[in-house]
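Here is a structure to go through by question and answer, with each term set against its cut-offs. The sequence and the coordinates come just below.

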Amino acid sequence: MKSILPLTLIFTMVVAFENCASNQGNQRTGVSKVNTGSHLAQIESIDADLKSSTLSDESRDKLIIRKGKLLLDLGKYDETISTLNQVNQAKSNPVQLSEWNLTMGKAYVGKNEYSKAIQFLNQSEKLDKNANLMERKKLVVQSLVAEREYYPALATLTKTYTKGNQKKDEFYYETAAKTYLKMGFEYKNTGFYQKGLQVANLGLEEFPNNETLKSIQKECLEVLQPEGKL
């Protein structure tokens, strides 16, 4: 029977990894660096345009959604949500509503309210299945992992990359390996650590310089010691 490191040490390693992986995940799929001055100037311009009495409902809603996206980029999640709630959903077309739901979902991800985020992201896909498909799916998977819905997260991840023969990228390997690592800790089962190590090793064959995968590989090996092997 494989011996496992003390639970307090495992917990410390998992938390440290999660903080690192979370930061890298945000860089990969979240808010990128923005020109704050430019965004604020655009928001001011939109506010001025919204005061026009000649705007059609469609034009008004487009401006509101654009403003919401700018606020999202700035990390102003509550303001994003309150701004987007000004959109007249009853009169919006499906594509526009899909974009609205996607932006709302991102805002709730930013607020760490993942169950709400999943609802908006799924609704976005129902309205427009093609636009932003991979971005949406990745956000859903991240949210499911954050909600400790590990099996649905892995199922969604697998389906996303199997459908359409999507090439497995760094996000796939990082997320799958991280999920197995978390399952190993939560369920106190070395089998999940072994799976996490296998995925990390496969990912490193494709992306040998990926620091997140190297970290997962190290954590799994330390937990599986003294054998340190499958």
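Q: Why does arginine 148 count as exposed?
A: The model is a predicted one, in which local features need pLDDT of at least 70 and side-chain atom pairs count only at pLDDT 80 or more, whereas totals for chains, interfaces and linings use all residues. Residues are numbered from 1 along each chain as its sequence is written, and side-chain values use heavy atoms, with hydrogens and water left out. Buried means under 20% relative accessible area, exposed over 50%, and partly exposed in between, with a 1.4 Å probe and protein chains only. Arginine 148 has 56% relative accessibility, and therefore counts as exposed.

Q: What makes the phi of arginine 148 worth a remark?
A: Most residues other than glycine have a negative phi. The phi of arginine 148 is near 65 degrees, a positive value in a residue other than glycine, and this arginine is found in the loop between α7 (133-146) and α8. Asparagine 112 also has a positive phi, near 60 degrees, and its place is in the loop between α5 (94-110) and α6 (114-127).

Q: How do you know that the side chains of arginine 148 and glutamate 186 meet in a salt bridge?
A: A salt bridge is a side-chain nitrogen of Lys or Arg within 4 Å of a carboxyl oxygen of Asp or Glu. For arginine 148 and glutamate 186 the distance from N to O is 3.8 Å, so the pair meets the definition. Because arginine 148 lies in the loop between α7 and α8 and glutamate 186 in helix α9, the pair ties together parts that are 38 residues apart in sequence. Glutamate 186, at 29% relative accessibility, counts as partly exposed.

Q: What makes lysine 69 and glutamate 99 a salt bridge, and which parts does the pair tie together?
A: The closest N and O atoms of lysine 69 and glutamate 99 are 2.1 Å apart, and the two residues therefore form a salt bridge under the 4 Å limit. Lysine 69 lies in helix α3 (residues 57-73) and glutamate 99 in helix α5, so the pair ties together parts that are 30 residues apart in sequence. Both count as partly exposed, lysine 69 at 33% relative accessibility and glutamate 99 at 29%. The structure holds 13 salt bridges.

Q: What makes Lys126, Lys129, Lys159 and Lys163 a patch of positive charge?
A: Patches are made of residues with over 30% relative accessible area and no salt bridge, like charges being joined within 9 Å and nonpolar side chains (Val, Leu, Ile, Met, Phe, Trp, Tyr) within 5 Å. The place of a charge is taken as NZ of Lys, CZ of Arg, CG of Asp or CD of Glu. Lys126, Lys129, Lys159 and Lys163 gather on the surface in such a patch. Lysine 163, one of them, is exposed with a relative accessible area of 67%, and lies in the loop between α8 (150-162) and α9 (170-187).

Q: How many helices and strands does the protein chain have?
A: Helices (H or I, at least four residues) and strands (E, at least two) are DSSP runs, numbered from the N terminus. The protein chain comes to 11 helices and 0 strands. Buried residues make up 41% of its 230 residues.

Terms used: Areas by Shrake-Rupley, 256 points an atom, 1.4 Å probe, with all protein chains shown as cover. Lys, Arg positive; Asp, Glu negative; His and termini not counted.
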